There are 2 protein chains.
Amino acid sequence: MTEQPASPLHAAQRDGVNDMDPAAFRAAAHEVVDLIADYLEHVEDHAVLPPIEPGSIRPLLEAHPPEGPEPIEAILADVNRLVVPNATHWQHPGFMAYFATSASAPGMLGEFLMAALGQNPMLWRTSPIGTELEGVVVQWLREGSGLPEAYDGLITDTASTSTLIALAAAREAAGFDVAAKGLAGRAGLDAPRVYCSTEAHSSIEKACMTLGLGRRAVVKIPANERYEMDAQALAGAIATDRAAGRQPLAIVATIGTTSSTSVDPVGAIADIADEEDLWLHVDSAYAGVVALVPELRAPFAGWERADSIVVNPHKWLFTPFDASLLLSRRLEHVRAAFSLVPEYLRTLDRANPVRDYNEYQPQLGRRMRALKLWMLVRYFGLEGLRRRIRYHIDLAQGFAADLDASPDWERLAPAPFSTVCFRFRPASMAGREDDPEVHAWLDRCNTQLMDAVNRTGRIFLSHTRLRDRFTIRLALGNIRTEPRHVALAWDLLRAEATRLLEAETMLKELP
Amino acid sequence: MTEQPASPLHAAQRDGVNDMDPAAFRAAAHEVVDLIADYLEHVEDHAVLPPIEPGSIRPLLEAHPPEGPEPIEAILADVNRLVVPNATHWQHPGFMAYFATSASAPGMLGEFLMAALGQNPMLWRTSPIGTELEGVVVQWLREGSGLPEAYDGLITDTASTSTLIALAAAREAAGFDVAAKGLAGRAGLDAPRVYCSTEAHSSIEKACMTLGLGRRAVVKIPANERYEMDAQALAGAIATDRAAGRQPLAIVATIGTTSSTSVDPVGAIADIADEEDLWLHVDSAYAGVVALVPELRAPFAGWERADSIVVNPHKWLFTPFDASLLLSRRLEHVRAAFSLVPEYLRTLDRANPVRDYNEYQPQLGRRMRALKLWMLVRYFGLEGLRRRIRYHIDLAQGFAADLDASPDWERLAPAPFSTVCFRFRPASMAGREDDPEVHAWLDRCNTQLMDAVNRTGRIFLSHTRLRDRFTIRLALGNIRTEPRHVALAWDLLRAEATRLLEAETMLKELP
């Protein structure tokens with residue numbers, strides 16, 4: 001056999017024990033750049049939600065692990081052949097479901113650099129730059145949001161983790177030393193309680209499950225007709241619990257709930273937290289970035305009194321998933337909840353006390369998430385970030401105004417930020433919404449309507465229930481969304497609603 | 001003013017509300033590729049551990065967030081100017097501290113693709129490919145490791161999280177319904193207990209802190225002279241606890257402890273777990289990948305009886321941080337511990353039951369970690385992965401043999417995998433190690449020795465304490481480490497030891 005000159009991509013893969021040959025890596029990485037750039041340029045060619053059924057991808061994938069090596073070209077071809085067509089396209093400008101989580105260019109480049117530099121800022125010494133840069137970026141975001149210097153914090157993976165950390169700190173701040181002694185068999189700690197509204201995110205319940213408080217610990221305070229926590233009801237619930245000998249630990253107020261983006265009255269809640277000496281955690285995972293815009297800070301009044309605050313850059317700050325900012329003015333309680341320094345993690349060669357971030361979170365290892373944030377805040381500048389946030393809010397308000405001007409559509413909640421809650425409600429049914437037959441028809445009709453719009457592949461919307469009404473949500477915040485996409489959503493909604501009304505089955509059932 | 005033609009990197013950044021212009025992104029991403037490829041080609045030019053003191057980087061960083069945008073070139077220049085020189089170089093082949101965590105080329109490319117595709121497989125519908133690919137990759141790793149089909153699982157961020165999930169599942173499996181009812185004020189659940197050896201990783205204690213069990217719940221079973229859990233002592237501790245009315249929940253056995261990589265007798269421990277009806281979790285975060293090599297599976301005997309197992313691809317499988325594999329044969333208890341489906345996460349458009357991975361972990365959102373694993377297993381093939389693992393073990397065994405042949409050096413633990421524990425102990429002191437003065441001198445001397453080697457910047461070693469002796473660890477597993485790096489470590493250790501002995505201060509103190 002004649003030896004073939006190997007392509008640079010194949011070199012050093014066959015019998016070696018090293019990584020891909022450097023020249024081959026460079027070539028492959030340039031290929032990946034083009035794959036990604038092509039993907040992003042043509043992302044609108046894909047159906048936002050792929051038109052496939054569960055279980056349909058797995059048969060296309062090799063069930064058993066390969067024994068021998070495959071060339072990187074074949075693997076990248078499979079990314080295009082198998083991964084891209086079966087992805088839900090969060091980067092698509094028509095992604096308006098849940099909360100838009102889009103990755104901007106500087107954020108993506110930051111992620112690639114993170115992976116290549118392999119930093120793990122669990123200890124200062126395992127990543128001095130990762131540690132100190134995180135301190136700086138946390139302060140950038142704090143300062144940009146107009147919060148006092150008393151706040152410091154860290155970047156975690158998700159709001160779920162940030163809230164879990166906050167509630168673990170609340171357990172310590174209450175003086176129960178749960179980190180050491182646990183929750184079981186503790187005199188005077190038989191019924192811990194955490195308060196949030198009926199509209200609060202499931203992560204609060206989940207954190208309580210994880211933390212051993214249990215779902216039972218979560219007291220859901222009623223919300224008013226605007227889906228805002230009723231502060232008086234909160235005070236009453238705490239009083240009732242205290243009278244019954246239960247142990248209030250923390251209150252979670254939300255600025256921008258997940259269902260309707262409603263805003264709890266944080267000032268009034270902070271008064272109660274003060275009086276009752278309870279930890280106040282503010283969940284502003286989605287809306288918190290709006291505080292970067294000084295003229296839009298009204299909904300945040302009072303959050304500067306919170307013990308802890310969570311804001312997710314990976315939601316509406318164009319940061320690739322994952323990045324959640326946890327701020328606290330009582331970080332010593334976070335440390336009390338999670339600090340544990342075994343011998344093999346002790347650092348011996350320095351006199352200065354350092355911050356070792358692993359002492360502030362449930363995990364030991366951690367990613368250098370500060371890098372992508374540092375890059376994207378610099379690339380856009382605070383002014384650029386503010387401009388984009390204002391723009392998404394303007395687009396949402398325009399959509400809300402269109403709905404309000406249309407007698408066949410009903411808005412189901414205020415839209416303080418960039419998310420609009422609504423349903424199709426033919427004008428003929430106005431005033432009859434509470435009739436059980438009308439109610440049931442509207443639920444069925446809007447379920448089908450959302451499904452029909454999503455099946456076009458051009459827009460992706462999700463739903464919630466507000467006062468037991470099936471509610472469609474349109475959530476903006478994707479960096480690629482333009483006015484034409486919001487207009488398209490509105491066109492598709494109206495067209496599909498008309499089609500549904502004209503369809504025999506729906507007409508027959510018309511109450 | 002005359003308008004200047006904008007460079008493609010500057011376009012669309014000034015007044016826009018969109019992301020970086022596509023052409024500019026492509027150009028910037030190609031620049032990043034070259035930055036990364038150059039970094040990796042010259043990674044050995046950097047001191048593994050940067051010669052800086054805590055607090056020295058922060059003054060170099062802008063304390064306040066920028067108002068206006070900065071060009072991407074300036075930001076990338078700062079990556080080279082500020083980030084790289086202040087990083088601890090985990091990618092450096094001389095990184096032999098802790099456990100080597102190195103990112104291979106296909107893994108890095110996978111991370112970049114993950115960031116760009118923005119998948120969030122929290123629900124099947126939010127990433128069908130992320131969900132189904134994870135199922136496939138989990139099975140690849142299970143099958144490759146020779147574990148039975150009864151195991152299924154998921155990929156989490158870290159072993160800390162995987163172990164936390166396992167112990168939360170144990171709480172549910174024990175029938176206490178902690179997810180709903182919590183741990184506080186529960187009759188018959190006043191003293192839960194989790195068993196591991198004195199050598200077990202701190203993540204077990206930390207998980208118990210987080211889960212509300214408290215550090216008090218952790219019973220540390222003595223280890224034998226090989227640092228392996230004493231199974232008889234375990235049985236005794238459980239019996240004592242039961243007799244005292246405490247509630248054993250779970251046993252954690254370790255295959256490859258963090259200090260010395262010792263191997264607990266998993267078979268004997270599994271017998272006890274069976275008899276006592278306790279959840280058995282096997283922590284094989286570091287060593288688990290060795291099970292990919294069929295002829296090296298002896299230390300894993302019995303792990304196929306565990307209720308759950310953790311193996312970290314981001315440690316010794318060349319996967320960029322983060323990726324931890326959690327396997328369980330009782331995944332229904334994991335789901336019981338973490339499942340919570342609020343209305344806004346319900347999926348309505350499908351009949352088939354799907355796996356929504358958020359129901360199996362404390363977080364809601366999650367990264368598509370399967371992609372990088374799928375790419376790297378295919379790129380190297382199982383055979384290529386096995387070859388690299390064998391190679392690292394051979395290198396470590398060679399180093400251990402060198403130590404064993406040198407009268408001035410003492411091995412402090414068996415080296416069943418790729419990590420060697422040792423200290424410098426001049427032959428003149430042989431037999432006198434337990435003399436308190438000698439003991440203290442050896443501790444001081446080896447502390448200085450490790451520090452001196454680390455200060456060369458060419459090798460990075462970390463330490464532990466084994467039977468109260470300061471112990472240097474040399475841990476291999478970095479994909480870039482070659483025989484010359486291990487030889488260099490050995491040379492530096494000997495040279496620095498000689499220098500230390502010759503230094504006046506050390507000589508004076510010689511006992």
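This is a predicted model: local features need pLDDT of at least 70, side-chain atom pairs count only at pLDDT 80 or more; totals for chains, interfaces and linings use all residues.
Student: How are helix 1 and helix 2 of chain B oriented, roughly parallel or roughly antiparallel?
Tutor: Take the axes of helix 1 (residues 22-41) and helix 2 (residues 72-83) of chain B. They come within 11 Å and cross at roughly 10°. Angles under 35 degrees count as roughly parallel. Therefore helix 1 of chain B and helix 2 of chain B are roughly parallel.

Student: Is the crossing of helix 1 and helix 2 of chain B left-handed or right-handed?
Tutor: The axes of these two helices of chain B cross at roughly 10°. The sense of that crossing is right-handed.

Student: Which class, nonpolar, polar or charged, do the residues in the contact of helix 1 with helix 2 of chain B fall into?
Tutor: Helix 1 of chain B brings B:Ala28, B:Glu31, B:Val32 and B:Leu35. Helix 2 of chain B meets them with B:Ile72, B:Leu76, B:Val79 and B:Asn80. By class, that gives one charged, one polar and six nonpolar residues.

Student: How many residues does the contact take from chain B and from chain A, and how does the chain B side divide?
Tutor: Chain A gives 145 residues to the contact and chain B gives 146. On the side of chain B that touches chain A, the division is 31 charged, 38 polar and 77 nonpolar.

Student: How many residues of helix 4 of chain B are buried?
Tutor: Helix 4 (residues 128-144) of chain B has 17 residues and reaches 24 Å, close to the 24 Å expected. B:Gly146 follows helix 4 of chain B, with a positive phi near 75°. The helix is mostly covered, and its buried residues number 15 of 17.

Student: Which residue just after helix 13 of chain B takes a positive phi?
Tutor: Helix 13 (residues 436-455) of chain B has 20 residues and reaches 29 Å, close to the 28 Å expected. Its buried residues include B:Leu442, B:Cys445, B:Met450 and B:Val453. Just after helix 13 of chain B, a positive phi of about 80° belongs to B:Gly457.

Student: Why does B:Thr126 count as buried?
Tutor: B:Thr126 sits in the loop between helix 3 (105-117) and helix 4 of chain B. A residue is buried if 20 or more other C-beta atoms lie within 10 Å of its own. B:Thr126 counts as buried because its C-beta neighbours inside 10 Å number 28.

Student: Which residue of chain A does B:Thr126 touch?
Tutor: Leave out residues up to four places away in sequence. B:Thr126 then touches B:Asn120, B:Pro121 and, from chain A, A:Thr88.

Definitions and conventions:
Residues are numbered from 1 along each chain as its sequence is written. Chains are lettered from A and ligands numbered from 1 in the order in which they are written. Axes are lines fitted to C-alpha atoms, for helices over the stretch in contact, and angles run from 0 to 180 degrees between N-to-C directions. Helices (H or I, at least four residues) and strands (E, at least two) are DSSP runs, numbered from the N terminus. Angles under 35 degrees count as roughly parallel, over 145 as roughly antiparallel, 65 to 115 as roughly perpendicular and the rest as oblique. A crossing is left-handed if the near helix is turned anticlockwise from the far one by less than a right angle, and right-handed if clockwise. Two residues are in contact if their C-beta atoms, placed from the backbone, lie within 7 Å. Ala, Val, Leu, Ile, Met, Phe, Trp, Tyr, Cys and Pro count as nonpolar, Asp, Glu, Lys and Arg as charged, and the others, Gly among them, as polar. The expected span of a helix is 1.5 Å times one less than its number of residues. A residue is buried if 20 or more other C-beta atoms lie within 10 Å of its own, exposed if 12 or fewer, and partly exposed in between; C-beta atoms are placed from the backbone.
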